[in-house]
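Thanks for coming. I will go through one model today, starting with the ligand, then the pockets, then the strands.

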Amino acid sequence: MLRILNLETGYGRLRVLKGVSLHVSSGEIVTLIGANGAGKSTLLSCVAGVVRPWAGEVVLNGRPITGLPPEQVVASGCSLSPEGRQVFGPMTVRENLLMGGYVRRGERGREETEAALEEVYGLFEVLRQRRDQLAGTLSGGEQQMLAIGRALMARPRLVMMDEPSLGIAPRVVQMIYETLPELKRRGMTLLLVEQNARAALRVADRGYVLETGQIVCEGDSEELLGNREVQRAYLGKDYRRIDE
Ligand SMILES: Nc1ncnc2c1ncn2[C@@H]1O[C@H](COP(=O)(O)OP(=O)(O)OP(=O)(O)O)[C@@H](O)[C@H]1O
Ligand SMILES: [Mg+2]
């Protein structure tokens, strides 16, 4: 589904990604974990066409999309739910969702847009209840659901989510995480970026660990959850446990 090969990029003279390679197969949930500033958001932004790659290749469904502008990446079937949600505050929930489907509007009639809306409302009932409320007045958790819903409106095959648990109450995080297997059942493939490594690895099939712009570790979620280095650095477990 998605193949990233030796991707390099950065900002000005700052090199952030130093040759990152990873892949996500169709139907998988893959997580990318790493500390603050490791380059996780930069990686997603680069795939999404928001940050230009310096070198390397991004292939989506066998088609190179390296360096394409965001609207073409979305049209190719890959949507991003960005870090910090970035909903349009002065617009209503419904208008925000319609913006997410905008790129594909040309290929679609009203009926299909309504169907996409209905799918999102089915996933997050609260968005239906609040469809005429201004997005800026939603709670953080509701805004996160809206950001995900907006990404889904383009009917992507691959959804990239950047820290959906950031700054949200545990109860809502759990609710959002429960929708991820549902998205998988609906035929979507997910690339999930998280600092909350435990939550991400519990729901994911596989994971990669990014450290200062390089993949340092990869494996099945079970494997990573059991990995001492990963536990020590990302799961808040002291590796010098008494039972060792
Ligand atoms: N727009 C920008 N301009 C300049 N430098 C940036 C920009 N965005 C990110 N950076 C820098 O790039 C590096 C990687 O940032 P990035 O946001 O990709 O990390 P991250 O892994 O997503 O971190 P976090 O977990 O805090 O979200 C950091 O050193 C950051 O300061
Ligand atoms: Mg980030």
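I call a residue near a molecule if one of its heavy atoms lies within 4 Å of that molecule. This is a predicted model, where local features need pLDDT of at least 70, side-chain atom pairs count only at pLDDT 80 or more, and totals for chains, interfaces and linings use all residues. Residues are numbered from 1 along each chain as its sequence is written, chains are lettered from A and ligands numbered from 1 in the order in which they are written, and side-chain values use heavy atoms, with hydrogens and water left out.

First, the ligand. Which residues come nearest to ligand 1? There are 14 residues around ligand 1, and Asn36, Lys40, Ser41, Thr42 and Glu83 come nearest.

Now the polar contacts, meaning pairs of N or O atoms within 3.5 Å. An N or O atom in the side chain of asparagine 36 is 2.7 Å from an oxygen atom of ligand 1. For lysine 40, a polar side-chain atom lies 2.7 Å from an oxygen atom of the ligand. Glutamate 163 also places a polar side-chain atom by a ligand oxygen, at 3.2 Å. On its own, ligand 1 has 630 Å² of accessible area, and the protein covers 60% of that. Those areas come from the Shrake-Rupley method with a 1.4 Å probe.

I will name helices and strands from here on; they are DSSP runs, numbered from the N terminus, with helices being H or I of at least four residues and strands being E of at least two. Two elements give two or more residues to the shell around ligand 1: β2, residues 14–24, and α1, residues 40–48. The largest share comes from α1, with three residues. By class, the shell has five nonpolar, six polar and three charged residues. Here Ala, Val, Leu, Ile, Met, Phe, Trp, Tyr, Cys and Pro count as nonpolar, Asp, Glu, Lys and Arg as charged, and the others, Gly among them, as polar.

Next, the pockets. Rolling a probe the size of a water molecule over the atoms shows where empty space is left. The search uses a 1 Å grid over the protein atoms alone and a 1.4 Å probe; a pocket is an open set of points with protein on both sides within 12 Å along at least five of seven lines, and lining residues have an atom within 4 Å of a point. A volume is the space filled by probe spheres set on the points, which are joined across faces, edges and corners.

The largest pocket has a volume of about 560 Å³. Its lining has 25 residues, and Pro70, Val74, Leu80, Pro82 and Arg150 lie nearest its centre. Among the elements that give two or more residues to this lining are α1, α3 (93–101) and α6 (140–152). Which element gives the most to it? That is α2, with four residues. By class, the lining divides into 16 nonpolar, five polar and four charged residues.

The second largest pocket holds about 160 Å³ of space. Its lining includes Ala116, Leu152, Arg155 and Met188. Helix α4, residues 110–123, gives the most to that lining, with four residues. The classes there are seven nonpolar, one polar and four charged.

Last, the strands. I count two strands as paired if DSSP finds at least two bridges between them. Four strands form an open sheet in the order β2-β1-β4-β5, with antiparallel pairing. At the edges stand β2 and β5 (63–64), each with a single partner strand, so one side of each is left without a neighbour in the sheet.

Strand β1, residues 2–11, pairs with β2 over eight bridges. These two form a hairpin with two residues between them, and glycine 12 in the turn has a positive phi of about 60°.

Tyrosine 208 has glutamate 218 of β10 as its bridge partner. Their hairpin has two residues between the strands, and threonine 212 takes a positive phi near 35°.

How values were computed: Polar contact = N/O pair within 3.5 Å; in protein donor to acceptor, adjacent residues only side chain to side chain.
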